[in-house]
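Open the model in your viewer and keep the selection tool at hand. The tour goes from one selection to the next.

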Amino acid sequence: MKTTTIALWTICVMAGLLAGCGGNYYRVNDPAGTKEYYTTEIDKTKAGAISFKDEKSGSVVTLQSSEIKEISKDEFKAAVKPEEQKSK
């Protein structure tokens with residue numbers, strides 16, 4: 001019984017650590033325009049739209065129609081970094 005409990009807690013702790021270490025990076029396109037947004041978190045609204053914070057501009061964006069692609073951390077940083085340097 002004790003071994004099972006220890007094993008269960010170990011699995012839970014490891015899963016929590018792994019979940020906290022990784023990150024998802026997304027490029028979101030507005031199909032109606034040519035605007036690209038970069039974000040790490042996307043929320044879906046009850047109406048079917050998505051809402052997120054654009055890391056380039058710092059604005060909260062809501063789109064009814066969108067194309068979402070998961071990208072690498074390097075691609076995300078390369079896209080966001082130039083805007084950060086301009087604003088400083």
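Select Y26, V28, Y37, I50, F52, V61 and L63: these 7 residues form the largest nonpolar core. A nonpolar core is a set of buried Ala, Val, Leu, Ile, Met, Phe, Trp, Tyr and Cys residues joined through side-chain atoms within 4.5 Å. Buried means under 20% relative accessible area, with a 1.4 Å probe and protein chains only. Strand 1 (25–29), strand 4 (50–53) and strand 5 (60–63) each give two or more residues to this core. Strands are DSSP runs of E, at least two residues long, numbered from the N terminus.

This is a predicted model, in which local features need pLDDT of at least 70 and side-chain atom pairs count only at pLDDT 80 or more, while totals for chains, interfaces and linings use all residues. Residues are numbered from 1 along each chain as its sequence is written, and side-chain values use heavy atoms, leaving out hydrogens and water.

Next, select Y38, F76, A79 and V80, which are among the 6 residues of a second, separate core.

Strands 4 and 5 pair over 4 bridges, and F52 stands opposite V61 in strand 5.

Finally, go to R27 in strand 1. Is R27 buried or exposed? R27 counts as buried because its relative accessibility is 16%. Its side chain is joined to that of E75 by a polar contact of 2.7 Å (a pair of N or O atoms within 3.5 Å; within protein, one must be able to donate a hydrogen and the other to accept it, and residues adjacent in sequence count only if both atoms are side-chain atoms).

Definitions and conventions: Buried < 20%, exposed > 50% of the residue type's maximum accessible area, 1.4 Å probe, protein only. Pairing = 2+ DSSP bridges.
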